[in-house]
Every structure is written in structure tokens, then in C-alpha cells.
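Good morning, and thank you for coming. Please look at the sequence and the structure as I show them, and keep both in view while I speak.

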Amino acid sequence: MAPITSSREEFDEIPTVVGIFSAFGLVFTVSLFAWICCQRKSSKTNKTPPYKFVHVLKGVDIYPENLNSKKKFGADDKNEAKNKPVVPKTSLHLDLEKKDLNGNFPKANPKAGSPSDLENLTPKPFSEREQKESASPDSLKSNSSLCSVEKQDKLGTLFFSLEYNFEKKAFIVNIKEARGLPAMDEQSMTSDPYIKMTILPEKKHKVKTRVLRKTLDPAFDETFTFYGIPYSQIQDLVLHFIILSFDRFSRDDIIGEVLIPLSGIELADGRMLMNREIIKRNVRKSSGRGELLISLCYQSTTNTLTVVVLKARHLPKADVSGLSDPYVKVNLYHAKKRISKKKTHVKKCTPNAVFNELFVFDIPCEGLEEISVEFLVLDSDRGSRNEVIGRLVLGASAEGTGGEHWKEICEYPRRQIAKWHMLCDG
């Protein structure tokens, strides 16, 4: 009986030993997990944000480098520019030994600009005498009239920098910000700007910035690096910036453009800070009757045509008061015979009407060869007959943009295509 009791005592000690070892194992596992989490957190804070977009255009790689994840606005950047000291750039080239663990170069301070550039960037404060003179009623009237004229003519200023890396044979363009853009949305009195950039004359390298919502002073701070461009060819290039405003319902509105010939610019001294006034783009504008924005879509499977009357702008004065009450009448023709008609609601007292009304027409035959659509913009008048403001015809036999628009919807069925069209006399 004695050996049996000793073996039972040994079996009773086993659970306590297992419990002790499991407790030590649990403590060790928790401490190891906490240490791994701390290491990952510290490594994430040290890493640069992974905002690198790679574009391959005919064998040339374009990398936007050093983008910020935070949304910036013009007011914040102006305050930061005042607080940051201007440090001259000492090195001409990027040093390969100064790369960090991710293979990126440290951000270099831009070259100090000339006194004239600094005067353009920072507005001069008014003196006491000028403030007193500006406070008089006559001066207020004159200043208000001048400001209204200047606001109509000026489209804002674009700020950017240029640099060339000799070691990588890379041309670097940094689009910093734009100030004083006009409001393209008349309801919210703001814009959703972004910038497209092209290198002329070959037009091979095309890039664009992100869209910044509801701001007239966008701060982009985006860098585009064009690899494989020899320095000897820089003098023959021209930078073309197009400033646009994003429109969710139709084609984006063009604010203006900036052309920068690089023939007289020396980039051997390092980064150059530049600013240029945005000018109006040389685009054919409406004259007389105004313009109409139409979206078309042809469904070949159901043999239907979807017509969306989106907007009208620059409509002429059709009333003694100087305002019109426009609406649009849509007529569908088959072999010069009207087979269907629709009309939009009336928009009161506006030369720039927003309709956003959709109409679906059944096509009696397969194909759009003998189909045409007529748009009549009329002024609603209760006292007399409604006057025709302008007329537009879209079809295979139509000339100008009407024929081009019709050709596109025939080539690309099931795709909604919108275009602005000039109205002609009714």
C-alpha cells in the first residue's frame, strides 16, 4: 500500500506544475505581443507616407513624390510661408548617400527668390495716409468699380517651382498652389479646381493634380518628376498648365491656362520658384444666341435615345427688364417628319438656366441615320407668343459640333456623352 500512496502524491503535484508553466507562458506571450505592437507603431511613424503614383507614358516614368495626406488650403499655407525662414540651397545635385531607408531623398529647402518675387508673394500693407484716402466715399466708389472690373478680367495666379536633377536626368515640376480663382459654380459661389499639365510640343507627358473641393485658393503641393529628359532638350520645351473646375453633372469648366517657355530659364543653379497670371484660354465662345449643354446616349439593344437637357448659358436679353424665362422644347424627327416632342420646365428670370431634365425617345428604325433632334430655347411670355431665343439641331447631316456629337454617340453606344453647343437663330 505504501508505493501506491507515493504515486498518488506525484500525480497530485502535476496540475500545479502545469499551472505554473502555463502562467509563465501566458505572461511571456502577452509581453512579446506588446513589444511587437510597439515596434510596428514606431516603424509606421518613421516611414514616409506611401503617396507615390506611377505613370508609364511611352517608356517614361512619372512619379509624383512627397505628397501630403492632409488637405491643405490657401490660408494655412500662407501662414506657414510667413513662419518658415527662407534658407538658400547649397547643393546643386541630389546626393545618393543621403537617401533614407525607403530610398527617398530628404526634402530640400527651395532656393531663395529674388526681391521682386518676394514682393509678388507677400502683399504690401497700406500706409495710414492711403487708408485715410481710401476711406472717403468717392474713393470707395472708384475702388469698387475698379475691383469689379479687375475681378472680371483676372483669373488668378499660379505658383510653381522648376528643378533639374543631373544625376537622374530628371525634370521636376512642383505645382504649389493657385490664388484668386473665379467662382465657376454660381449657386455656391466657389469652384472645385484641379490642374492638368502637358509638356509641349510633343504632348507625350500628361499629368494632373487631385481635385480640391470648394475653394478659390487651392494648395496642391504635388511634385511630378519626368525621367529620361536630357538637359540639352529642356530649352526646347514649353510647359502648358490648364486650370479646370470639376463638374459632376457635365464636362469640367475651363478656368484658364498658363504657358511657360523654358528657352530662357536656367535650371543649373537649382530650384526656381515662379508665379504666372492665369489667362483666358483661346476657346470659341458663344456669340449672340448663347449655348446649350446636351447629353445623349443611344441604347442599341433597346433602340432608344436618351436626351438630357442639362444647362443653358449666356442667353440674350429677351425682355424689356433685361431677363428671360427660358425653357427648352425637344423635337424628334424621322426623315424630316416630327414623330415626338417634349419640353422642360420654365426657369424664371435667368440667362444661365440649369434644367437637368431627362427624356427617352423610342427610335422607330434600327440605327440613327435618318434620326435628328431639334432643340428650341424659348422665352416664356404669358401676354404674347413665346419668342424663340435660339435653335440647335443634332443629327447625321448637322454641321459643326452637332454632327460631331451625333457621330460620337453612334460610335460609342450605351455611353452618355455631353457637349456644349452654340445656338443659332431660330
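What we have here is a predicted model. The chain has 426 residues, and 34% of them count as buried. Its secondary structure comes to six helices and 18 strands. How much accessible surface does the chain have? The total is about 27300 Å², and carbon and sulfur atoms account for 55% of that area. As for contacts between residues at least 6 apart in sequence, 64% join residues that are at least 24 apart.

Let us now consider confidence. The average pLDDT of the chain is 75, and 66% of the residues score at least 70. Residues 84-99 are a stretch where pLDDT stays under 50; the model gives this stretch 22 contacts beyond four places in sequence. Over residues 283-287 the pLDDT is also below 50, and there the model has seven contacts beyond near neighbours in sequence.

Finally, the surface. Which residues form a nonpolar patch there? They are Phe28, Leu32, Trp35 and Ile36, and together they have about 430 Å² of accessible area. Let us take one member, Leu32, which lies in helix H1, spanning residues 2-46. Is Leu32 buried, partly exposed or exposed? Leu32 counts as partly exposed because its relative accessibility is 39%, and that class lies between the limits of 20% for buried and 50% for exposed.

Thank you for your attention.

Definitions and conventions
Residues are numbered from 1 along each chain as its sequence is written. This is a predicted model: local features need pLDDT of at least 70, side-chain atom pairs count only at pLDDT 80 or more; totals for chains, interfaces and linings use all residues. Side-chain values use heavy atoms; hydrogens and water are left out. Patches are made of residues with over 30% relative accessible area and no salt bridge: like charges are joined within 9 Å, nonpolar side chains (Val, Leu, Ile, Met, Phe, Trp, Tyr) within 5 Å. Accessible areas come from the Shrake-Rupley method with a 1.4 Å probe; for residues, only the protein chains shown count as cover. A salt bridge is a side-chain nitrogen of Lys or Arg within 4 Å of a carboxyl oxygen of Asp or Glu. Helices (H or I, at least four residues) and strands (E, at least two) are DSSP runs, numbered from the N terminus. Buried means under 20% relative accessible area, exposed over 50%, partly exposed in between (1.4 Å probe, protein chains only). pLDDT is the predictor's confidence in each residue, from 0 to 100. Contact means heavy atoms within 4.5 Å.
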